[in-house]
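Walk through this structure with me, one region at a time. The model and its sequence are shown next.

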Amino acid sequence: MRQDNENKNENENENEGEEYISPLEEALDSCLKQAIEISEAAKELHARVAGRFPNLQPAGPTGCGKTAIIKSWAKKNNIHLYNINLSCLSDDELKVFLSGEKVCDFLNMQRTVLFIEHYEMKTETTEKLLAELIDRHVYTFNGKDEFLPGLLFTIAEVTT
């Protein structure tokens, strides 16, 4: 019995100082690792990797902490979050929002993650506007498609 208590105390001491990592943060870390590997390869092999970028769709009720965890994780990992909140934009507003040159500049910054809040509010038009960006990391500006190697992956948050 004494040996069991000593082993238990050793294990507790080993875990001291370690911070809790939530399952959402673990999933975010996994996507980040995959996306960085793919993004590096994509600079040379875009045609081969298009459509293979990881995406994450965390779901939960309002106030459960999804957004706070995502923002904290991004800060901790030096990630630029490009936030689009579908609850605040009509299809026409989203189209105007996505048509600016600054959007392309921001999305092409190294270590950028597209964070779409309230993805459950998407419409068919919204899906079409975002599809190339989410799936292939291609942004169309002035009629020209541009691959965004700095865009790592997309988080499409769903409020249930």
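Asn78 comes after helix 3 and has a positive phi, near 55 degrees. The model is a predicted one, in which local features need pLDDT of at least 70 and side-chain atom pairs count only at pLDDT 80 or more, while totals for chains, interfaces and linings use all residues. Residues are numbered from 1 along each chain as its sequence is written, and side-chain values use heavy atoms, with hydrogens and water left out.

Helix 3 itself covers residues 66-76, and its buried residues are Lys66, Ile70, Trp73 and Ala74. These residues lie on the same side of helix 3 because they cover an arc of only 100 degrees around the axis, the arc being that of the directions from the helix axis to the C-beta atoms. Buried means under 20% relative accessible area, exposed means over 50%, and partly exposed is in between, with a 1.4 Å probe and protein chains only. Ala68 and Lys75, on the other side of helix 3, are exposed.

Four strands form an open sheet in the order 1-7-4-3, with parallel pairing. Its edge strands, each pairing on one side only, are strand 1 (55-56) and strand 3 (80-85). Two strands pair if DSSP finds at least two bridges between them. Strand 3 runs parallel to strand 4 (residues 112-117), and 6 bridges join them; Asn85 has Glu117 of strand 4 as its bridge partner.

Helix 6 (residues 124-136) lies across strand 1, strand 3, strand 4 and strand 7 (151-156), and it runs at about 140 degrees to strand 4. For such angles, axes are lines fitted to C-alpha atoms, for helices over the stretch in contact, and the angles run from 0 to 180 degrees between N-to-C directions.

What surrounds Thr154? This residue sits in strand 7 and counts as buried because its relative accessibility is 1%. Apart from neighbours within four places in sequence, Thr154 is in contact (heavy atoms within 4.5 Å) with Pro54, Asn55, Leu56, Leu114, Ile116 and Ile134.

Strand 5 (residues 138-141) and strand 6 (residues 144-147) pair in the antiparallel sense over 4 bridges. Thr140 has Asp145 in strand 6 as its bridge partner. The hairpin of these strands has 2 residues between them, and Asn142 takes a positive phi near 55 degrees there.

Now the aromatic rings and the cysteines. Rings of Phe, Tyr and Trp (its six-membered ring) pair if their centres lie within 6.5 Å; planes under 30 degrees apart count as stacked, over 60 as edge-to-face and the rest as tilted. The count comes to 4 aromatic pairs by this rule, and Tyr82, Phe97 and Phe106 form one aromatic cluster. A search of the whole structure finds 0 disulfides, a disulfide being a pair of cysteine sulfur atoms within 2.5 Å. Cys31 counts as buried because its relative accessibility is 7%, whereas Cys64, at 44%, counts as partly exposed.

Finally, the chain as a whole. It has 6 helices and 8 strands, and from the N terminus on its elements run α-α-β-β-α-β-α-α-β-α-β-β-β-β. Of the 160 residues in the chain, 37% are buried. Among contacts between residues at least 6 apart in sequence, 77% join residues at least 24 apart.
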